[in-house]
Amino acid sequence: MSLLSVGTVAFDEIETPFGKTGKIVGGAASYISLSASFFVKQSNIVSVIGDDFPIDFLEGMKDRGVNLDGLQIKKGENSFHWSGKYHYDMNSRDTLETNLNVLADFDPVLPESYNDCQFLMLGNLSPDVQMRVIEQLENRPKLVVLDTMNFWMDIAMDKLLEVISKVDVLTINDEEARQLSGEYSLVAASRKIMNMGPKYLIIKKGEHGALLFNEDKMFFAPALPLEEVKDPTGAGDTFAGGFIGHLAKTKDISFENMKRAVVVGSAMASFTCEAFGTERLLTLTKAEINQRIKKFVDLVHFNID
Ligand code: AMP
């Protein structure tokens with residue numbers, strides 16, 4: 001069951017109340033594919049970088065079964081660069097700078113070997129690029145999941161709405177759900193957003209968990225209260241990678257299995273928050289993941305008689 005992830009592979013600079021990084025590796029597609037690699041042996045990526053990007057990070061991705069044939073490397077150009085600052089409430093952040101660089105005129109080209117894509121994860125990047133990836137696939141994947149953010153709602157809403165109309169699952173945070181729908185109530189927002197196309201909607205609420213909607217059904221998964229949160233950057237993408245990785249592994253896209261995928265995604269995201277950048281994902285083991293998923297089950301399980 002081939003999984004294709006699209007998104008930025010980037011340099012980030014992050015400041016949280018617990019520290020400040022210089023330029024480190026990040027990007028939506030980096031987090032998604034690293035997270036998914038714990039569930040699928042092989043996956044493909046579509047993205048673009050400049051020749052300023054560290055080769056050893058790319059080698060590390062390859063070692064985890066991530067095929068980089070669809071990663072374009074632009075000579076003499078700079079990679080996408082984002083910087084952000086978190087305040088004491090780390091559920092929201094300020095973007096300080098977004099430099100599109102190579103992303104500004106990125107024309108994605110899907111290698112022929114990517115054509116059997118069954119699970120498509122359209123991670124955060126320009127809706128134009130997301131659309132061009134959809135258009136190049138000869139057969140519609142079994143499941144298309146889309147993640148996006150306020151940045152693209154602000155500058156490319158029309159194109160984004162076109163992409164949203166073509167996907168099965170949309171994942172956004174609560175603020176973005178309100179911006180997209182114009183509704184304060186997340187339940188009312190979910191109804192409006194599902195009318196835009198996606199049958200399923202996931203609204204991420206940072207340390208307050210995630211909601212999954214489908215028709216009249218609703219499911220809530222908490223976030224694990226962590227002893228130490230250093231940097232939530234990439235948590236949303238890591239969630240997406242765990243979510244689609246679990247679905248691709250189990251080949252089951254029922255609502256019941258999506259509930260499990262939301263818990264798996266939440267468990268994966270909790271690891272990313274424990275260290276800066278992709279650091280924690282790079283040292284993670286399957287045993288730690290299984291233990292953490294069990295913690296999630298224990299956290300919410302109770303009997304009432
Ligand atoms: P998350 O914290 O999961 O929302 O994602 C953080 C990642 O998104 C960072 O590694 C950034 O490089 C990347 N990012 C930030 N802004 C954008 C944007 N406008 N488009 C695509 N990726 C972005």
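This is a predicted model: local features need pLDDT of at least 70, side-chain atom pairs count only at pLDDT 80 or more; totals for chains, interfaces and linings use all residues.
In soluble globular proteins, nonpolar side chains tend to be buried together. Here the largest nonpolar core has 44 residues, and the members that touch the most others in it are Leu4, Leu120 and Leu122.

Now find Leu4, which sits in strand 1, running over residues 2-6. Its relative accessible area is 0%, so Leu4 counts as buried. Leaving aside residues up to four places away in sequence, Leu4 touches Asn44, Ile45, Val46, Leu110, Tyr114, Cys117, Phe119, Leu120, Met121 and Val133. For a sense of scale, go from Leu4 to Glu215: the two are 211 residues apart along the chain, and their C-alpha atoms are separated by 27 Å.

Leu122 is worth a stop too. With residues up to four places away in sequence left out again, its contacts include Val6, Val144, Val145, Leu146, Val163 and Val167. Gln130 and Asp147 are also among the residues that Leu122 touches.

Next, over to the helices. Two packed helices are described by the angle between their axes and the distance between the axes. Helix 8 (residues 235-250) packs against helix 9 at an angle of about 140 degrees, and the axes are 7 Å apart. That angle is why helix 8 is called oblique to helix 9. Their crossing is right-handed. Among the residues that meet here are Phe239, Gly242 and Phe243 from helix 8, and Ala261, Gly265 and Ser266 from helix 9. Sorted by class, this contact has ten nonpolar, eight polar and one charged residues.

Helix 9 also packs against helix 11 (residues 286-300), where the axes come within 9 Å and cross at roughly 115 degrees. This crossing, too, is right-handed. Helix 9 brings residues including Val263, Ser266 and Phe271 to the contact, while helix 11 supplies Glu288, Ile289, Arg292, Ile293 and Phe296. By class, that gives eight nonpolar, two polar and two charged residues.

Is Ser266 buried or exposed? Its relative accessibility is 10%, so Ser266 counts as buried. Setting aside residues up to four places away in sequence, Ser266 touches Ala221, Pro222, Phe239 and Phe296.

Key
Residues are numbered from 1 along each chain as its sequence is written. Side-chain values use heavy atoms; hydrogens and water are left out. A nonpolar core is a set of buried Ala, Val, Leu, Ile, Met, Phe, Trp, Tyr and Cys residues joined through side-chain atoms within 4.5 Å. Buried means under 20% relative accessible area, exposed over 50%, partly exposed in between (1.4 Å probe, protein chains only). Contact means heavy atoms within 4.5 Å. Axes are lines fitted to C-alpha atoms, for helices over the stretch in contact, and angles run from 0 to 180 degrees between N-to-C directions. Helices (H or I, at least four residues) and strands (E, at least two) are DSSP runs, numbered from the N terminus. Angles under 35 degrees count as roughly parallel, over 145 as roughly antiparallel, 65 to 115 as roughly perpendicular and the rest as oblique. A crossing is left-handed if the near helix is turned anticlockwise from the far one by less than a right angle, and right-handed if clockwise. Ala, Val, Leu, Ile, Met, Phe, Trp, Tyr, Cys and Pro count as nonpolar, Asp, Glu, Lys and Arg as charged, and the others, Gly among them, as polar.
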